[in-house]
Amino acid sequence: MAEGLIVRSLRDGSLPGEHAPALCLEDSLPSPLASHSHAVFRHLLASLLSTGTGTAVVLVAFHRSPSFYLSLLSPTFRNSIRLLDCYSDPLAWKSNHHPPPSSHSPQNITLLTNLNHLPHFLSSILHLAKDLGAQGHDRVTVAIDSVTHMLRHAPLPSVLQLLTNLRCHEKISSLFWLIHTDLHEPKVISSFEYISTMIASLQPIVQLPDYANANISASITSLEENYSNAKFNVRLKRRNGRVKLLCEELLIEQGSVKFSSVPSVSSVVAQNLIPKVQFNIQLSDKERMDRANVVLPFEHQGNGQNIEIYDGRRSLSESQKDPSSIKIGGLSEQKRGNNNKSEKGEIHYIRDSDDEQPDSDEDPDDDLDI
């Protein structure tokens with residue numbers, strides 16, 4: 001679900017008047033599977049090209065050579081991708097002494113040598129995007145395989161400005177990049193997360209124990225599980241300002257990436273909130289039927305006759321009409337024992353003193369001037 005949502009967001013692009021969506025893919029050394037984060041990057045790249053909706057990609061290659069990426073892609077996708085080679089000669093050492101012949105490089109690979117000059121870097125990306133647009137591709141996505149390598153050649157504000165300019169340009173529909181979080185300060189990572197609309201990170205599926213005090217066999221088992229599985233956490237920023245959190249399990253087998261759903265955070269929290277007791281708090285079918293058959297006190301259950309409740313206002317003549325009822329203390333009761341004679345209940349009231357005034361309808365506070 002998370003992986004499909006990311007691909008759809010990058011494929012659809014932005015609405016008119018909005019910046020292009022941007023994905024920040026993060027990894028770190030605490031997760032042994034983080035070494036395969038470039039496999040996740042290539043999986044998203046291949047998924048985006050395979051949508052077949054006129055989407056094209058400008059790939060900026062820092063971590064691997066362009067020929068490596070071309071060897072992984074199907075020949076049918078090569079017309080939909082342009083590669084900016086920042087891997088072969090990033091400091092222009094080779095080109096100054098031995099300029100490479102242009103015939104040796106494929107048509108869809110452009111060599112970029114001076115990485116310190118970011119305006120030229122931006123114009124090269126936009127030139128490739130316009131080239132793809134001229135061939136009928138209405139959506140162009142820019143993919144950078146390592147922002148960490150970019151920060152070696154340019155300061156942080158310049159790199160952030162470059163990414164922001166790409167998001168604002170009309171020829172760019174979406175943007176995503178990979179960054180190694182353990183090689184930068186937290187404020188650097190926060191800056192890239194701030195300009196992103198989607199943040200995906202890889203985390204170990206089993207927390208590694210303290211090797212100084214842990215069991216060796218348990219540590220080996222945890223390492224083996226982390227080398228094959230990982231948690232793929234995604235944070236999406238919605239247009240209304242809300243944030244949606246998603247989590248999937250990532251599995252890599254023989255270079256192929258697979259995603260599987262995991263229980264949502266809300267369901268896990270709901271299960272943890274259920275109290276752990278020693279007795280069964282659920283009702284069986286018989287107990288549920290017995291509870292439904294219980295007659296509550298406020299219901300009329302007198303064999304078709306209304307239950308008479310004495311409210312203190314029944315006259316003596318009305319009580320004489322019903323010889324089976326006995327009034328004792330203002331309550332209606334059935335005859336007790338074997339005595340068939342009816343008895344009359346009476347209430348005797350004795351004043352505490354002669355100073356006590358009898359009941360009157362007059363308000364005792366009438367003389368108060370409030």
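# Report on the sheet and helix packing

Q203 stands opposite K231 in β8. In β9, the bridge partner of K231 is E249, and that of N233 is C247. The model is a predicted one, in which local features need pLDDT of at least 70 and side-chain atom pairs count only at pLDDT 80 or more, while totals for chains, interfaces and linings use all residues. Residues are numbered from 1 along each chain as its sequence is written, and side-chain values use heavy atoms, with hydrogens and water left out.

## Overall content

The chain contains 12 helices and 12 strands. Helices (H or I, at least four residues) and strands (E, at least two) are DSSP runs numbered from the N terminus. Of its 370 residues, 35% count as buried; the term buried denotes under 20% relative accessible area, exposed over 50%, and partly exposed in between, with a 1.4 Å probe and protein chains only. Among contacts between residues at least 6 apart in sequence, 68% join residues at least 24 apart, where contact means heavy atoms within 4.5 Å.

## The sheet

Ten strands form an open sheet with mixed pairing, in the order β4-β3-β2-β5-β6-β1-β7-β8-β9-β10. Its edge strands are β4 (109-111) and β10 (256-261), each of which pairs on one side only. On average, neighbouring strands of this sheet are turned by 20° against each other, direction ignored. Two strands pair if DSSP finds at least two bridges between them.

| Strand pair | Sense | Number of bridges |
|---|---|---|
| β1 (residues 22-27) and β6 | parallel | six bridges |
| β5 (residues 139-144) and β6 | parallel | four bridges |
| β7 (residues 198-204) and β8 (residues 229-237) | antiparallel | seven bridges |
| β8 and β9 (residues 243-253) | antiparallel | nine bridges |

Strands β8 and β9 form a hairpin, with five residues between them. In the turn, G241 has a positive phi of about 95°.

Strand β6 (residues 174-180) is largely enclosed by the rest of the structure, because seven of its seven residues are buried. Both faces of β6 are covered. Individual bridges tie residues of β6 to the strands beside it. L175 in β6 is the bridge partner of A22, and F176 in β6 has A143 opposite.

## V57 and its surroundings

V57 lies in strand β2 (residues 55-61). Its relative accessibility is 0%, so V57 counts as buried. Residues up to four places away in sequence being left out, V57 touches L45, L48, L49, S80, I81, R82, L132, T141 and A143.

## Helix α7 and its two partners

Two packed helices are described by the angle between their axes and the distance between the axes. Axes are lines fitted to C-alpha atoms, for helices over the stretch in contact, and angles run from 0 to 180 degrees between N-to-C directions.

The axes of helix α5 (residues 118-134) and helix α7 (residues 156-168) come within 11 Å and cross at roughly 25°. Helices α5 and α7 are therefore roughly parallel to each other. Angles under 35 degrees count as roughly parallel, over 145 as roughly antiparallel, 65 to 115 as roughly perpendicular and the rest as oblique. The crossing of α5 and α7 is right-handed; a crossing is right-handed if the near helix is turned clockwise from the far one by less than a right angle, and left-handed if anticlockwise. From α5, residues L118, F121, L122, I125 and L126 meet S158, V159, L162, N165 and L166 of α7. By class, this contact has eight nonpolar, two polar and no charged residues. In this scheme Ala, Val, Leu, Ile, Met, Phe, Trp, Tyr, Cys and Pro count as nonpolar, Asp, Glu, Lys and Arg as charged, and the others, Gly among them, as polar.

Helix α7 also packs with helix α8 (residues 186-194), their axes coming within 11 Å and crossing at roughly 15°. That makes α7 roughly parallel to α8. The crossing of α7 and α8 is right-handed. L156, V159, L160 and L163 of α7 meet V188, S191 and F192 of α8. The contact of α7 with α8 has six nonpolar, one polar and no charged residues.
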